[in-house]
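User: I would like a close look at a single part of this model. Keep it brisk, then set it in its surroundings.

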Amino acid sequence: MRRCLLATVVAVGALAACSASTSSGGAAGDTAEVTVFAASSLTAAFNQIGDDFEAANPGATVAFNFGSSTDLATQISSEGTADVFASASGTAMDAVEGDPGVEDRQDFVTNQLVIITPADDPGDVSSLADLAKPGLQLVLAAEGVPVGDYARQMLDEAGLTKGVATNVVSNEPDDAAVVAKVESGEADAGIVYTSDIASSDVNAVTIPDDQNVTATYPIAVVTGAPQPELAAVFVGYVVGTDGQATLERYGFGPPPSG
Amino acid sequence: VRRHLPLPIVVLAAIGGVFVSLPAIALAARAPWGRMLEILTGPGARTALRLSLEVSLAATACALVLGVPVAWVLARGAFRGRAVLRAIVVSPIVLPPVVAGVGLLMALGRRGVAGGWLDRLLGIQLTFTTAGAIAAATFVSMPLVVLAAEAGFRGLDTRFEQAAAVLGAKPGYALRRVVLPMVAPQLAAGAVLAWARALGEFGATITFAGNLQGRTQTVPLAVFQLLQTDSDGAIALSLVLVAISIGVLIALRGRITGTA
């Protein structure tokens, strides 16, 4: 038992030494890890892109930290361990651009909102206006979370803010939590991104373009990144043909042209 | 005789002490002291503080009403599987709160094992309601009552109960008039710990009961949401919880570790 513990300690120590040497070196042929902070709406697509990227770049590994873009921006400013930031909103990216700064910022994908309902649709929801039905239990992402802000903006533009106010039963920490509450049937409806539902068992009620809000996602290399070169390669992969094809498969739209 | 402690131990203890106290100190250092009163008496913070008080007190009451009988059964009952029962009843202490929340959802959610039944027959829905927040807080805090009360019952000489029985007291009367008063200190300590745990509950609450101002958004959930928009507010409310936690433990000193 004691020997086993000792072996573990040695192994962990060796690993730590390993990663320390690669982060200082980072030459080709070495193993290097790029740390990507990404909006939780990118989880499924980026996990796939991470696998593809590792396959295409032997020796490179990708470590993801998924979460609300706003939270991630705070973490990046205070921690400084991120190489790449992929944000669900320009505002969160602006914060990181201010501190600690970013390089190579570009919009790489767009996302739209969609209404989701449980498989059996207990609230009988077929349009945005149905969300104001009396007694309907609606979950949104919290204010300050990009998908929650976009949803409120859309409801506001549709003149539904007042109608849905009493129907909102929970302000969830992120889009994944909204999907979970609806998928489990606890809530009658939720508003998330089209990209959130590729891998879940919910009904999607499409929102017409003239009522919908388009979220534009920026990606950038974080200034002071531990692995700036690999970070740039990763960003290049995401905006390249292969990355874009994967993102499309997961429900994202192309970046705005121009 | 006063002995010097070995230096390595002192060094490790110092690191440990700093590690644990630094977050509280950092919060205090970053706190918007000038606006503290204004923030804490603002409508958002007041709503969260009032709801937290209600939810935590209700959860403590539930934990006592349900937890003390459980402790009594564990302490006095002689049956197979008692150790397993105790492990299950106490497990929320070590369970990740989010797991507790998912479990509660599966059990008491609108489509849950028992929750579906509650919803159909009685029209009671716990998710997204204050009752749900109380259920989540009770779930995580009851073990603290059980542990404290069971220790109290076990430490009690059974001859007191025998004497009461000899004098003609029925078991229920003896429990009420003899046993419970004698373990009151342990029950009080367990209740206060349970209350503090209920007050700090986050993961099970947001997973099971959701997050809505005035209904399920307790202070920890408000802190979490304010981090998105108003870090000063988040820090101010965090400090309230830090102060209460430390205050409770100072008030209970000795009751938990058994030292004076």
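Leaving aside neighbours within four places in sequence, which residues is B:Gly112 in contact with?

Analyst: This is a predicted model. B:Gly112 is in contact with B:Leu105, B:Met106 and B:Ala107, once its neighbours within four places in sequence are set aside. The glycine is found in a loop of chain B, between helix H5 (97-108) and helix H6 (115-122). B:Gly112 has a relative accessible area of 10%. Buried means under 20%, so B:Gly112 counts as buried.

Next, the interface. Chain B puts 17 residues in contact with 24 residues of chain A. Between the two chains, about 1,700 Å² is buried. Carbon and sulfur atoms give 45% of that area. On the chain B side, B:Arg111, B:Phe128 and B:Gln228 lose the most area to chain A. Together these three account for 40% of what that side buries.

Now the nonpolar cores. In soluble globular proteins, nonpolar side chains tend to be buried together. The largest nonpolar core here has 69 residues. A:Leu42, A:Phe46, A:Phe108, A:Leu113, A:Leu131, A:Tyr217 and A:Leu247 have the most contacts inside that core. A second, separate core has 21 residues, including B:Met36, B:Ile39, B:Ala236 and B:Leu239.

Take A:Leu113 from the largest core. Not counting residues up to four places away in sequence, A:Leu113 touches several residues, among them A:Val147, A:Tyr150, A:Ala151 and A:Met154. Further contacts of A:Leu113 include A:Ile191, A:Val192, A:Tyr193 and A:Thr194. A:Ile207, A:Asn212 and A:Val213 are also touched by A:Leu113.

On to the strands of chain A. Strand E1 (residues 32-39) of chain A has seven of its eight residues buried, so E1(A) is largely enclosed by the rest of the structure. Eight bridges join E1(A) to strand E2 (residues 60-67) of chain A, and the two run parallel. In this pairing, A:Ala39 stands opposite A:Gly67 in E2(A). Between E1(A) and E2(A), the chain passes through helix H2 (residues 43-56) of chain A. This β-α-β crossover is right-handed. E1(A) also pairs with strand E3 (residues 84-86) of chain A, in the parallel sense, over three bridges. There, A:Phe37 stands opposite A:Phe85 in E3(A).

Over all chains, the structure holds 12 aromatic pairs. One of them joins A:Phe46 and A:Phe234. Their ring centres are 6.0 Å apart and their planes stand at 80 degrees, so the pair is edge-to-face. A:Phe46 lies in helix H2 of chain A and A:Phe234 in helix H8 (residues 228-239) of chain A, so the pair ties together parts that are 188 residues apart in sequence. A:Phe46 is buried, at a relative accessible area of 0%. A:Phe234 is buried as well, at 0%.

A:Phe234 also pairs with A:Phe53. Here the ring centres are 5.1 Å apart and the planes are at 80 degrees, so this pair is edge-to-face too. A:Phe53 sits in helix H2 of chain A and A:Phe234 in helix H8 of chain A, 181 residues apart. A:Phe53 is buried, with a relative accessible area of 0%.

These rings belong to a cluster linked by ring pairs, whose members include A:Phe46, A:Phe53 and A:Phe234. A:Phe64, A:Phe66, A:Phe108, A:Tyr193, A:Tyr217, A:Tyr237 and A:Phe252 are also in the cluster.

How values were computed
Residues numbered from 1 in each chain as written. Chains lettered and ligands numbered in written order. Predicted model: local features only at pLDDT ≥ 70, side-chain atom pairs only at ≥ 80, totals over all residues. Heavy atoms only, no water. Core = buried A, V, L, I, M, F, W, Y, C linked by side-chain atoms within 4.5 Å. Buried < 20%, exposed > 50% of the residue type's maximum accessible area, 1.4 Å probe, protein only. Contact = heavy atoms within 4.5 Å. Helix = DSSP H or I, 4+ residues; strand = E, 2+ residues; numbered from the N terminus. Pairing = 2+ DSSP bridges. Right-handed = clockwise from strand over helix to strand, strands pointing away. Phe/Tyr/Trp six-rings, centres within 6.5 Å; stacked < 30°, edge-to-face > 60°. Buried area = accessible area lost by both parts, 1.4 Å probe.
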